[in-house]
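Please examine the sequence and the structure before reading the points below.

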Amino acid sequence: MQEVHMNILALLVAAAVKWMIGGLWYSPPLFAKPWQAMSGVSEEQMKKGLVKFSIAGFVCDVVMAFVLVHAIRYANATGFTQGMCVGFFNWLGFVATVTFIQTFYEYRPVKLWLINNGYLLLSLLIMGGILAVWT
């Protein structure tokens, strides 16, 4: 396996950006209400687990950035657009496909898949751009 040099600050910033996008994406002005209705998560449940899930989410975002920077380096992506392409193909191959079929197996609405995957796609595009330019 080739050695991959990375900027830890870039990883943390990319993870923080994803975390902030999630906070905005699932906020009341955007998709909180339809997401809650389709996922079955109540307002009380959201508030009760917010801190715990936010911390766990950020840790997972750091792991995602760590793996994404490897894909970016293997692809030799150095520009923002190239990083976005790597993010897109990682989303398409590893996120969209798995969550799409899972949506059907769990009899969940496709609209829920669109909400969740819209967030994940946007996050991976921006993270890919940041990491390609900065690491």
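Val51, Ile55, Val59, Val63, Phe66 and Val67 make a nonpolar surface patch of about 560 Å². The model is predicted: local features need pLDDT of at least 70, side-chain atom pairs count only at pLDDT 80 or more, and totals for chains, interfaces and linings use all residues. Residues are numbered from 1 along each chain as its sequence is written, and side-chain values use heavy atoms, leaving out hydrogens and water.

**Valine 67**
- Valine 67 is located in helix 3, residues 43–74 (helices are DSSP runs of H or I, at least four residues, numbered from the N terminus).
- Valine 67 is partly exposed, with a relative accessible area of 49% (buried means under 20%, exposed over 50%, partly exposed in between, with a 1.4 Å probe and protein chains only).

**Helices 3 and 4**
- Helix 3 packs against helix 4 (residues 80–105) at an angle of about 120°, with the axes 10 Å apart (axes are lines fitted to C-alpha atoms over the stretch in contact, and angles run from 0 to 180 degrees between N-to-C directions).
- Leu68, Ala71 and Ile72 of helix 3 make the contact with Val86, Gly87 and Asn90 of helix 4 (contact means heavy atoms within 4.5 Å).
- Asparagine 90 counts as buried, at 19% relative accessibility.

**Methionine 127**
- Methionine 127 belongs to helix 5, residues 110–134, and is buried, with a relative accessible area of 0%.
- The C-alpha atoms of methionine 127 and alanine 14 are separated by 5.1 Å, although these residues are 113 residues apart along the chain.

Key. Patches are made of residues with over 30% relative accessible area and no salt bridge: like charges are joined within 9 Å, nonpolar side chains (Val, Leu, Ile, Met, Phe, Trp, Tyr) within 5 Å. Accessible areas come from the Shrake-Rupley method with a 1.4 Å probe; for residues, only the protein chains shown count as cover. A salt bridge is a side-chain nitrogen of Lys or Arg within 4 Å of a carboxyl oxygen of Asp or Glu. Helices (H or I, at least four residues) and strands (E, at least two) are DSSP runs, numbered from the N terminus.
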